[in-house]
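Q: Can you walk me through this one? I'd like to start with how the elements are named.

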Amino acid sequence: MASTSNSNLDTSTDEKVASSESESALETARRQLYHAAAHLDIDSNIVERLKYPKKVHEVTVPIKRDDGTVEVFTGYRAQHDSVRGPHKGGLRYHPEVTRDECVGLGMWMTWKCAVMDLPFGGAKGGVAVNPKELSSAEKERLTRRFAQELRDVIGPNHDIPAPDMGTDPQTMAWLMDAYSMQEGETTPGVVTGKPPVIGGSEGREEAPGRSVAIITQLVCEYYDRPLDETTVAIQGYGSVGANAARLLDDWGATIVAISDVNGAMYDPEGIDTASVPSHDEEPEAVTKYADNVISNDELLTLDVDVLIPAALGNVLTKENAEAVAADLVVEGANGPTTSTADSILAERDVAVIPDILANAGGVTVSYFEWLQDINRRAWSLERVNDELETEMQAAWRAIKTEFEQRDVTWRDAAYIVALSRIAEAHEARGLWP
Ligand code: NAD
């Protein structure tokens with residue numbers, strides 16, 4: 001059995017972790033594994049295997065600061081499971097990156113790739129550093145050296161990083177360049193989320209918001225709610241929130257509230273979302289354009305049909321879950337609902353469509369980017385968006401089937417789909433213990 005010595009997680013009971021509002025990513029990922037496994041007739045040895053990452057790489061990354069001194073940072077790459085294909089997941093630069101966080105988020109990526117039926121397994125990594133304290137040149141040196149330290153464990157057939165908190169397309173371009181230089185050949189497929197000029201995909205940036213909009217449309221259709229009679233409140237007006245808001249607005253929904261870190265714009269008649277700059281276009285400007293400002297807490301409990309938390313994690317909690325007035329919650333952010341809030345919303349029959357489905361457009365278009373890279377072909381934006389729609393509909397259908405047949409929540413249905421696919425692959429290949 002694998003050692004758990006590096007983890008302070010007590011996995012002995014599901015209830016213990018479920019009772020906590022402040023679950024770590026690893027606790028959440030494991031709780032969801034046990035929860036889905038309880039609904040399925042799968043070999044308990046496979047569940048035991050999936051509790052642990054395959055490998056966790058810890059490296060030290062020295063960089064020369066602009067003042068000539070050398071500083072050493074710690075970086076990680078946690079590779080959870082690769083039974084369905086190469087590892088896939090982001091690299092983040094954040095002061096609170098830890099080994100356990102990378103393991104938990106890597107597991108989360110395994111479930112997300114499997115929900116979308118992508119031929120990838122999960123991984124996550126990062127460097128414990130505050131990127132705001134690095135100059136651009138320092139960030140480039142950090143990225144190139146980190147790429148070198150990970151060179152043996154990443155690659156288009158092994159593990160394919162992508163941008164995450166504190167990293168962006170430029171970071172991926174440096175990483176791809178450093179890797180390619182050392183390999184002696186241009187290898188665009190080593191990372192996704194690159195600028196299109198070096199093999200990035202059209203539509204990658206908008207993809208998570210687009211998938212949130214597609215899933216919102218499908219869930220409204222399922223509950224017989226025409227989009228043009230549907231009101232929506234969206235927390236966060238960044239990459240995910242603004243793209244979802246504008247698409248749903250285009251498709252006929254009435255967006256009554258949008259927000260950023262400073263507060264929310266509220267207009268019961270509907271907001272013209274194109275006229276409000278997104279976080280990328282003008283950071284934190286939503287309230288500047290609002291006639292009627294309410295708080296983010298008020299936004300979460302507005303009497304709307306659909307609530308889309310698309311800013312940050314743990315915003316729906318035991319404190320406000322009773323007051324959520326929306327009938328449908330579509331998770332745009334990662335982990336916006338605590339486990340206690342999730343139980344309260346389930347008891348109240350509020351449908352919560354989980355993040356691993358709703359915002360999976362990002363990793364899905366990353367998969368398209370990887371396909372384009374290894375085939376040396378670029379797809380049009382139209383093709384990317386069409387194929388994304390097809391993949392989202394297929395994932396939705398698979399989850400809907402479990403939801404209807406098993407009488408479980410949408411979240412459980414998504415994890416059941418993911419775990420069945422992973423378990424079947426392990427069953428077919430064998431664990432080789
Ligand atoms: P972003 O930085 O582009 O935008 C974040 C938005 O949230 C901004 O409008 C910001 O003002 C707002 N915000 C920040 N703190 C807030 C607070 N306390 N209250 C209300 N609003 C606040 O970020 P993003 O890329 O849109 O990511 C949003 C969420 O979606 C995160 O949970 C992220 O992990 C998740 N996500 C992002 C992607 C992606 O590829 N962009 C993919 C999947 C999931």
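A: Helices (H or I, at least four residues) and strands (E, at least two) are DSSP runs, numbered from the N terminus. Residues are numbered from 1 along each chain as its sequence is written. This is a predicted model: local features need pLDDT of at least 70, side-chain atom pairs count only at pLDDT 80 or more, totals for chains, interfaces and linings use all residues, and side-chain values use heavy atoms, with hydrogens and water left out.

Q: OK. Where is R376, and what is its phi?
A: R376 sits in the loop between α12 (361-375) and α13 (381-406). Its phi is positive, about 55°, although R376 is not a glycine.

Q: Buried or exposed, that R376?
A: R376 counts as exposed because its relative accessibility is 59%. The classes are buried under 20% relative accessible area, exposed over 50%, and partly exposed in between, with a 1.4 Å probe and protein chains only.

Q: And what about the phi of D407?
A: D407 is not a glycine, yet its phi is positive at about 55°. D407 lies in the loop between α13 and α14 (410-429), and it is exposed, with a relative accessible area of 71%. As background, most residues other than glycine have a negative phi.

Q: What happens at the ends of α6?
A: At its start, a side-chain oxygen of D168 comes to within 3.1 Å of the backbone nitrogen of Q170. Just after α6, G184 has a positive phi of about 80°.

Q: Which residues of α6 are buried, and what covers them?
A: The buried ones are T171, M172, A173, W174, L175, M176, A178, Y179 and S180. Their cover includes β3 (87-94), α5 (136-149) and β5 (159-163), where contact means heavy atoms within 4.5 Å.

Q: What about α8, which residues are buried there?
A: In α8 (residues 239-250), the buried residues are V240, G241, A242, A244, A245, L247 and L248. Covering them are, among others, α7 (207-222), β6 (231-235), β7 (254-260) and β10 (306-309). After α8 comes G252, with a positive phi near 110°.

Q: What is the strand order in the open sheet?
A: The open sheet has 7 strands in the order β9-β8-β7-β6-β10-β11-β12, with mixed pairing. Its edge strands, β9 (293-294) and β12 (351-353), each pair on one side only. Two strands pair if DSSP finds at least two bridges between them.

Q: How do β10 and β11 run?
A: They run parallel, joined by 2 bridges, with β11 at residues 328-330. L307 stands opposite V329 in β11.

Q: Back to D305. Buried or exposed?
A: D305 is buried, with a relative accessible area of 15%. It is in the loop between α9 (296-300) and β10. Leaving out residues up to four places away in sequence, D305 touches R225, E229, T230, T231, A326, D327 and L328.

Q: Last topic, the ligand. How many residues surround it?
A: There are 19, and the closest are Y237, S239, V240, V261 and E284. A residue is near a molecule or strand if one of its heavy atoms lies within 4 Å of it.

Terms used
A polar contact is a pair of N or O atoms within 3.5 Å; within protein, one must be able to donate a hydrogen and the other to accept it, and residues adjacent in sequence count only if both atoms are side-chain atoms. The expected span of a helix is 1.5 Å times one less than its number of residues.
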